[in-house]
Amino acid sequence: MSRTLEVNVPRVKPQRRRGVVRWYRSGGLTAVLFAIPVVLIFLYFSWGPVVRGVLMSVEKTNLVGPALWVGLNNFSYVLSDPGLPQAALNTAYYALLGLVFGFPVPILIAVFVNELRRYGWMYNLLAYLPAVVPPVAGILLWKFFYDPSSDGIFNSILGWFGLGPYPWLNSEAMAMPSLVLYTTWAGAGATAIIYLAAIGGISPELYEAAEIDGAGIWSRLWHVTIPQLRNVIFIMMLLQLIGTFQLFTEPFLFTGGGPNNATQTIMLKIYNYAFVSGDYGAATALSVLLALFLCVLSVAYHFVTKRWSPS
Amino acid sequence: MSAAGQTIVVAPAEFEAIEPDAPRKRRQRETKERGAISAADRRRPVVIVTMWILQIVMFIGLLIAGLGPIVWSARASLSSSQDIISDPMGIWKTPLHWGNLEQAWSGAQIGSSLGNTVIVAVGSTIATLFVSATAAYLLSVLRPRWSPLLSGAILATLFLPGVISLVPLYLTILKMPVLNISLLNTFWGVWLPAGASAFNVVVLKRFFDSIPRELIEAARIDGASSIRVFTTVVIPLSRPILGVVTLLTIIASWKDYLWPMLVLAAPNLQPVSVTLANLPNGAMPFAVQMAAVFLTIIIPVILFVVFQKQFLRGVSSAGGLKG
Amino acid sequence: MKKRAVKVAVLIASVSTVAALTGCTGAGAGGSADQGKADPKAKVTITVGDEPTADKKADRATFLQHVQDFEKLYPNITVKPSTEYWQAQTFQAKLAGGTLPDTMNVSLTYSKQLIDNGQLPNMTPYLKQIGLLDDLNPLALKNVQDSKGDVYTVPYGLFSVGIAYNRKIFQEAGLDPNKPPTTWKEVQQDAKIIHDKVPGVAGYAQLTTNNTGGWMLTTMTYSLGGTVTDKSGKKSDMGAPTREALQTLHDMRWVDDSMGSQFLYNQDDIRKAFSAGKIGMVLQAPDIYDQAVHLYGMNPADFGEGALPQGNGTNGTLTGGTIAMFNAKATPNQLLAAAKWVKYMNFEQYFDKDLAVQNAKSSAASNSAVGTPGLPPVKDSIYQRYLGWIKNEINVPLDQFKGYTASTLPLIPEPADAQNTYATLDPVVQKVLTDQNADIKQLVTSAGQTIDRNLAQQR
């Protein structure tokens, strides 16, 4: 994934070729020492279980008795699921909505709070509050907010302004945006604090230099702040993407994938295969397909950014 | 921005801007010197008016989004089940039921669950930091010949959906291969798997990649061992990113309920998230469930308000993360 | 050369370690090989689920007392109670890990699925051995048997689906609260009257999400004389009755507008809304009463339950409720002991007057419903005798269940591959309720094709 930094490798001067000693001198033992925790932890809790899971994708297993080898049956089964294309589209739609509407919110909050001379902490605190609401509780609360009758909470409030009542989760068009609204609410505050920390680290000289060059406030934000945040933005985007493909608690608890499959996501399908139908083979087969797809996607992403980046 | 860092670090383009602060230089810098808006700007009427409007709009927006749900759940926790369900916006005028809070506190054992949450969060954070920092150091600085293999293997797990390994992971916890011990109903069963986070390894490695190599070289020339370089150069320089990883880990462990529900099956070990997820299956009237929800929200909120200065400073420690 | 050798070595080492950590995937199935060879005298320890949590003090005390009494009765059996209960999200993992209790309660809707997946042990020999099999209600047994007639779980808290209604809303609408609708025509009429006379209330509401949409569409189809899958269990078999059910829903929703505005209901949410007086009528088994009154604070006087409305004549209904399941990884001795425990906990009271009264008293003390009408888990004569014993402890207003108790609808078992079939039908119901122009015929046809596909994959 990342290019290695050959220039910096602390090369030890060539030694006499004496196998183990040379290996030891060149830091081989230290390297092994540093590798022990990660290798052990990943073997036990990531690679091992994943391989075990992948094996199940070519089996028919009820998790009780011996498993039956079924080859690629599970794969053809999940691929021929008539609901799969829509689930894939929904997942992509969720990712897009999240990126376009949800993603900039914490950046905007952080940029704004950073410009405040006073009371900044108050804004911070308010923005952070949703992060302490556990998801199960948050979804329980928001179900009341999204109640489609005119005495639901959102509809009551909007009703004061003569708006609504809106169907929220009950309409194919509004269901997915409603989920994104919830996830943005739940996640924005904590993310904003991370951005804020990053913005606080931007050197004032950069702004001064830009100001001397005649850049206005917006231009300074656009040409100094945002580029300086590139790294954090990348991290957060990665995190959000991973989150998108793990998304199931929200659609599961809010809509169960409805209405008319409008919030049926790939993860929800995997979940249903595994835990509702008890078909672990199908669930792991779809997981493997999803992982392969994401692998292709990230390789493509790598090459595209490589070409664009002026190195 | 130190020019020296730029020339040495040939990191991928999207990272070239990250660059940890040299400790000497940054230590005394004030965080709030200025932002994009300069002191001169702040005297212009347009800016003053715009800022005022923005402040008011943002304040109202955040007040509704941040405090609204909590205030509503506070009131709901003091209402009757019927009132909450039949007219959720009309509960303000209904009679108060103070007993709900007491019932929720003793019934759902919020106190001990919150304690468990802290134990889970602290342990998960330590495991995550230790594993991902040592791994990132190995992959970024020590770089043995087999490191591409290792980093490939770690990256490969980045996008794998958790469901694929939920059952096998559970089987692993029940009977750790080779060791033949069970981590069921021990906090280790939650702590250790938290350490296997490819995301954190990637993030830390990227950050370590950008540490000016001459700092490391200098320490080496002074005779520091690899371990010393790690503890005295790399870790102190990485405090901001470690702060971010810590925050993300704490939030993740605060919210996770599925895995703890499996591993911490004994009710006296369960963190708040699990307790809440189990509530609807209990015999508590709905209003008491709402009271339990409110208690689990309000206690961390109070802690956050009291310690918010320290907390925020901790996150943005050492001058923050330079983008 | 050397470099490559190292790489290969590392690769082999890591692959083999992963393989070692992966371990053997297929654990041996318990019980199936040496079935029925259980020794009733052998020393054995069993774990039993559903121990009431600390917040239900009276229930918990009673439960633990039962454990003691049971151990006294069978000195060779040690019972370890556990608060473990059925959770969809963790069930498969715990099943694979063998960490489920040897017996615990499960909702009946999962029974068929677990049997079809081969995830349950065959209990026939053990139930025979303790003489429980003959006392069980033969009607209820249909749902817990496989095609060969072997019994896998023990049904003990069964209900057939009926229609729950709010008597207060009926009164406000000028309807007779003692006359719940008995046909779908009447449901539609009553719903419209409620909608017209009582503002803000849905005349009728329908379950739609987390597979309950398909569950209730199946129930409606049965009530209109139809089927969902055919006898062989290999093909879907939906026709005019399913379309009629959907057309009825469509008309209530779009012509009469008598179904309110919420069309994404799961079981919890619809029970909440019904209890709070937001719904006039809803398809529910009588076991909703306990939750409605005790969890959601419904006034008992407002509750009413009628039999499932029918099409022309008497067609039938679906069952729901609670069963006891057993752990496939338990040993034969444990399964026998677990069967004894289930019998002791849930059936002894039908044969022992003192125990019946004592159980009823402690349930009433911890605010649980006593005497909720339902399908008797035992033969009717035994059940009637039991009801006589606990007459004074019944705290459920039986008069308000008359519409339900007076009828004797045939019980039709669930369709093949029940949960998957229901999942396929969920969006069909949702579509009809959220899209005025939904093409019912086409929806049913394509759902049928999906069900066929799933059934073909199954076995």
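Predicted model: local features only at pLDDT ≥ 70, side-chain atom pairs only at ≥ 80, totals over all residues.
Residues are numbered from 1 along each chain as its sequence is written, while chains are lettered from A and ligands numbered from 1 in the order in which they are written.

Along the principal axes, the C-alpha atoms of chain A fill a box of roughly 85 × 70 × 35 Å. Buried residues make up 50% of chain A; a residue is buried if 20 or more other C-beta atoms, placed from the backbone, lie within 10 Å of its own.

We can now turn to where chains meet. Chain A contributes 103 residues and chain B 98 residues to their contact, two residues being in contact if their C-beta atoms, placed from the backbone, lie within 7 Å. On the side of chain A, helix H2 (residues 28-56) gives the most, with 18 residues. This side has 70 nonpolar, 25 polar and eight charged residues. Here Ala, Val, Leu, Ile, Met, Phe, Trp, Tyr, Cys and Pro count as nonpolar, Asp, Glu, Lys and Arg as charged, and the others, Gly among them, as polar. The contact between chains B and C takes 29 residues from chain B and 29 residues from chain C. Helix H8 (163-174) of chain B supplies the largest share of the chain B side, five residues. The chain B side divides into 21 nonpolar, seven polar and one charged.

The largest nonpolar core has 294 residues, and those with the most contacts inside it are A:Tyr195, B:Tyr137, B:Tyr170 and B:Ala292. Such a core is a set of buried Ala, Val, Leu, Ile, Met, Phe, Trp, Tyr and Cys residues joined through C-beta atoms within 7 Å. Helix H9 (residues 172-200) of chain A gives the most to this core, with 16 residues. Among the residues that B:Tyr137 touches are A:Phe34 and B:Phe208. A second, separate core has six residues, including A:Tyr207 and B:Ile37.

Chain C has 18 helices and nine strands. With 459 residues, a compact globule would have a radius of gyration near 23 Å, and the 25 Å of chain C agrees. In chain C, 52% of residues count as buried. Four of its strands form an open sheet in the order E6-E7-E5-E8, with mixed pairing; strands pair if DSSP finds at least two bridges between them. Strands E6 (202-205) and E8 (303-307) of chain C stand at the edges with a single partner strand each, so one side of each is left without a neighbour in the sheet. Strand E5 (residues 162-166) of chain C pairs with E8(C) in the antiparallel sense over five bridges, and C:Ile163 stands opposite C:Gly306 in E8(C).

Definitions and conventions: Helix = DSSP H or I, 4+ residues; strand = E, 2+ residues; numbered from the N terminus. Buried ≥ 20, exposed ≤ 12 C-beta atoms within 10 Å, placed from the backbone. Rg over C-alpha atoms; globule rule 2.2 N^0.38 Å. Lists of a residue's contacts leave out its neighbours within four places in sequence.
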